[in-house]
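Please open the model in your viewer and keep the sequence beside it, so that each selection can be made by residue number. The tour moves from one stop to the next, saying what to select and what is there.

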Amino acid sequence: MRHFAVVGSGPAGFYTAEALEKAYGDQARIDILDRYPVPYGLIRFGVAPDHQSLKAVSKRYDKVVDSAGVDFIGNITVGRDVSVAELLDLYDAVILATGAPHDRKLGIPGEDLPGVFGSAEFVGWYNGHPDFADLDPPLDGTHAAVVGNGNVALDCARILSKTRGEFEGSDIVGHALDALEKSAIRTVTLLGRRGPHQIAMTPKELGELGHLEAALPIIEPADFPPMTDDEPLEPGLRKSVSLLRGFADLAADKPKRIVFDFFAKPIAIEGNGRAERIIVERTQLSASGAAQGTGETYEVPATLIVSAIGYATSPIADVPFAGGKFLNEGGKVADRLYAVGWARRGPSGTIGTNRPDGYEVADQVAVAMPTGSSADRPGAAGLKRLLEERGVMATDYDDWRKIEETETANARPGSPREKFVRHADWLKTVGR
């Protein structure tokens, strides 16, 4: 019997577990480990709460963990509760699927002022992430700024601009919903260093901005190149640019604004004890398409600033790491140690991108460790003994399901499901 540990229960982890289960059948046991008592990682804490169709992929992951050869072990942190070296003693192979949970820094003066957050923090706040439940972002000002021109930046701007009624059917947590309903924010400025042709926004997410009840997207037509320049663009980007062009024709008849400020490079954040404004340098594109500063600067008022410029993986002791990801060759980090997803590639691609990535690494494992031979390692039984000796209260499949049942039972009719946002709360629900 082979024993494999997949560290991380987001999309990359589940696709890898799925691939290993298909490759080995009843000849292997696959344990999905996570620092939280419940699984799904990015799906649970990163996907916008009003995008339930994206979160529905978790049903596929449910089928994976319901397989006889797959189990979930939560509430353990690899590198703190157990080392990678210890896991390699317990398992035939260890696959790191830890994602990229940390925000990249802007690297400008003033970004440590109160009122400035990374998107992982802000998104985690409204998604019930236990590390960010007490974030309390300032919503008392009339202006906010979001730095970035990708889908996460769009999510943040949209969530800040929606009415309470527009969250019907979402799973936004109650503390965020109540705070957003009282928000004084009326203008959200999206800052991007380059222009409309360089955005990383998909048509579906971008198109939603044109149908908000109380908010209107604002575009400066002068930011666009001639329409003939749209033709060479990749079809998805061309459709997104077309949507942006269409926003310029919308009637200004709503009380809130989402302002697209292109060719805008943040260079400093200022304020008296808290963020009050972001200083921006106007840019232009070089021949290579890079954003170059022009020397012209101006102020954008903002008492809430969210940076959505990318993420980085967490390093783990004794695992080679550089550039925000684990050093690897085709997914292999070292003997019997692999990486998948953002931990392998860096934060790029969509949820679906992780599937071929996970299957590729699973194929490598299957070639290196064929069925019919085994080092007879203890796997989960040995891990649970070790954790018990150290006083670590790991959760298992049954605990996770009890947590899910309690969440559902506590949901108020017609309102978002209130997630359990602290470890202590989670553990109480399973009697630990």
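Predicted model: local features only at pLDDT ≥ 70, side-chain atom pairs only at ≥ 80, totals over all residues.

Residues are numbered from 1 along each chain as its sequence is written, and side-chain values use heavy atoms, with hydrogens and water left out.

**Stop one: helix H1**

Begin by selecting residues 11-24, which form helix H1; helices (H or I, at least four residues) and strands (E, at least two) are DSSP runs, numbered from the N terminus. H1 has 14 residues and reaches 20 Å from its first C-alpha to its last, close to the 20 Å expected at 1.5 Å a residue, where the expected span is 1.5 Å times one less than the number of residues. Because 11 of its 14 residues are buried, H1 is largely enclosed by the rest of the structure; here buried means under 20% relative accessible area, exposed means over 50%, and partly exposed lies in between (1.4 Å probe, protein chains only). Among the buried residues of H1 are Phe14, Tyr15, Leu20 and Tyr24. Just after H1, Gly25 takes a positive phi of about 60°.

**Stop two: the nonpolar cores**

Next, select Tyr126, Leu160, Leu244, Phe260 and Leu304, which touch the most other members among the 44 residues of the largest nonpolar core. A nonpolar core is a set of buried Ala, Val, Leu, Ile, Met, Phe, Trp, Tyr and Cys residues joined through side-chain atoms within 4.5 Å. Elements that give two or more residues to this core include helix H6 (119-127), strand S7 (143-147), helix H10 (235-247) and strand S14 (304-307), and the largest share, six residues, comes from H7. Stay with Leu160 for a moment: leaving aside its neighbours within four places in sequence, Leu160 is in contact (heavy atoms within 4.5 Å) with Phe122, Leu139, Ala144, Leu180, Ile185, Val188, Lys256 and Leu304. Apart from this core lies another, of 35 residues, among them Tyr40, Tyr61, Phe72 and Ile403.

**Stop three: salt bridges**

How many salt bridges are there in the model? The count comes to 23, a salt bridge being a side-chain nitrogen of Lys or Arg within 4 Å of a carboxyl oxygen of Asp or Glu.

Select Glu86 and Arg390, whose side chains meet in a salt bridge at 2.5 Å, N to O. Glu86 lies in helix H5 (residues 84-90) and Arg390 in the loop between helix H13 (380-389) and helix H14 (397-410), so the pair ties together parts that are 304 residues apart in sequence. Glu86 is partly exposed at 23% relative accessibility, and Arg390 is partly exposed at 41%.

Move on to Arg377 and Asp92, which form a salt bridge with the closest N and O atoms 3.4 Å apart. Arg377 lies in the loop between helix H12 (354-368) and H13, and Asp92 in the loop between H5 and strand S4 (93-96), so this pair ties together parts that are 285 residues apart in sequence. Asp92, at 1% relative accessibility, counts as buried.

**Stop four: His197**

Select His197, which is placed in the loop between strand S8 (187-191) and helix H9 (203-207). Is His197 buried or exposed? With a relative accessibility of 16%, His197 counts as buried. Its side chain makes a polar contact with the side chain of Asp230 at 2.6 Å; a polar contact is a pair of N or O atoms within 3.5 Å, and within protein one must be able to donate a hydrogen and the other to accept it, with residues adjacent in sequence counting only if both atoms are side-chain atoms.

**Stop five: positive phi**

Most residues other than glycine have a negative phi. Asn75, in the loop between strand S3 (70-73) and H5, has a positive phi near 70° and is buried, with a relative accessible area of 10%. Finish at Phe263, in the loop between strand S10 (256-261) and strand S11 (264-270), where phi is positive and near 55°.
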